[in-house]
Amino acid sequence: MFVSGLPLDFSSPRVMGVLNVTPDSFSDGGRFLHIDDALRQAEEMVAEGAAIIDIGGESTRPGAAAVPLEQELARVLPVIEALAAAFDVPISIDTSKPEVMRAAVNAGARMINDVTALSSPGAIAAAAESAVPVCLMHMQGKPRTMQQTPQYGDVVADIMRYLSDRVAACEAGGIARNRLLVDPGFGFGKTKAHNLALLKGLGTFQRLGLPLLVGLSRKSMLGAVTGRTVEERLAASVAAALMAVERGARIVRVHDVAETVDALALWQAVTDIES
Ligand code: 7PJ
């Protein structure tokens, strides 16, 4: 399995490192500090074995308000430019805005990661023109209110249908199927029970025939199961990544790259044994 435009083969699972772009000062001093910090974080994640670095300037956490376009551009573009110049590892832009997709790809991003699966007006066209791969993620509702009353008939079947429809819409809009990845969107408009059922049934998504990307790292469902705060969820996050890979995930989006890379190395070593 491969994705057109990504220099990765999926013969073994890959780790996508999450880069936090801190929304601080836009003064010159503040900006340099923040790029410096981003470069340091990225350098560490690359050294630890990240295959992709994901950069987002729009918080999609539950309850988060939308970020205006100019602010999102100001946060991510300088960081993408600096990283693209400094590292070979592909940079992914986590955004739902067509304008940010275009500008980020011009600045050197080599993948689009959209938690709304290109559903904003103009997003399919922007992604189609960009020629980079796209991750289509499922979300029910909008970040500000999505955790209030999530509802599904059958969570796995409903999300399968949604992703399959979005893949069809992208293909109709000129995005070749071999540029697409899919993600069921853990934590995005899902209760604890929905998230657990989704993890249990994750293998079903392999039927779409596209690389499966998942983000479980530090998410509240792990807190709900373990009683741990967000800073204390490393063990559960690594376990979740391993469970996802066991069920067919090919990219795991994580904060703790080194620990996840180790866990997946063990998984790969056992998988490689010819029985
Ligand atoms: C995800 C994401 C995810 C993809 C975020 C967080 C929330 N992109 N962006 N999948 N989560 N593709 O990291 O807790 O699960 S932001």
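This is a predicted model: local features need pLDDT of at least 70, side-chain atom pairs count only at pLDDT 80 or more; totals for chains, interfaces and linings use all residues.
Let's look at what surrounds the ligand, and then at the pockets themselves.

**Around the ligand**
- The ligand is surrounded by 13 residues, and the closest are Asp94, Asn113, Asp183, Lys219 and Arg253.
- Strand 5 (134-137) and strand 7 are the elements that each give two or more residues to this shell.
- Sorted by class, the shell has five nonpolar, three polar and five charged residues.

- Aspartate 94 has a side-chain N or O atom 3.1 Å from a nitrogen atom of the ligand.
- Lysine 219 places a polar side-chain atom 2.6 Å from an oxygen atom of the ligand.
- Arginine 253 also has a polar side-chain atom by a ligand oxygen atom, at 2.8 Å.
- On its own, the ligand has 390 Å² of accessible area, and the protein covers 93% of that.

**The largest pocket**
- Its lining is made of 37 residues, with Ser59, Thr60, Arg61, Arg253 and His255 nearest the centre.
- Strand 1 (14-20), strand 2 (52-56), strand 7 (213-215) and helix 7 (220-226) each give two or more residues to the lining.
- By class, this lining holds 14 nonpolar, 13 polar and 10 charged residues.

**The second largest pocket**
- This pocket holds about 300 Å³ of space.
- It is lined by 17 residues, and Glu58, Ala66, Thr116, Lys142 and Pro143 are the closest to its centre.
- Its lining divides into six nonpolar, seven polar and four charged residues.

Note on methods. Residues are numbered from 1 along each chain as its sequence is written. Side-chain values use heavy atoms; hydrogens and water are left out. On a 1 Å grid over the protein atoms alone, a cavity is a set of points where a 1.4 Å probe fits but cannot get out, and a pocket is an open set with protein on both sides within 12 Å along at least five of seven lines; lining residues have an atom within 4 Å of a point. Helices (H or I, at least four residues) and strands (E, at least two) are DSSP runs, numbered from the N terminus. Ala, Val, Leu, Ile, Met, Phe, Trp, Tyr, Cys and Pro count as nonpolar, Asp, Glu, Lys and Arg as charged, and the others, Gly among them, as polar. Grid points are joined across faces, edges and corners, and a volume is the space filled by probe spheres set on the points. A residue is near a molecule or strand if one of its heavy atoms lies within 4 Å of it. A polar contact is a pair of N or O atoms within 3.5 Å; within protein, one must be able to donate a hydrogen and the other to accept it, and residues adjacent in sequence count only if both atoms are side-chain atoms. Accessible areas come from the Shrake-Rupley method with a 1.4 Å probe; for residues, only the protein chains shown count as cover.
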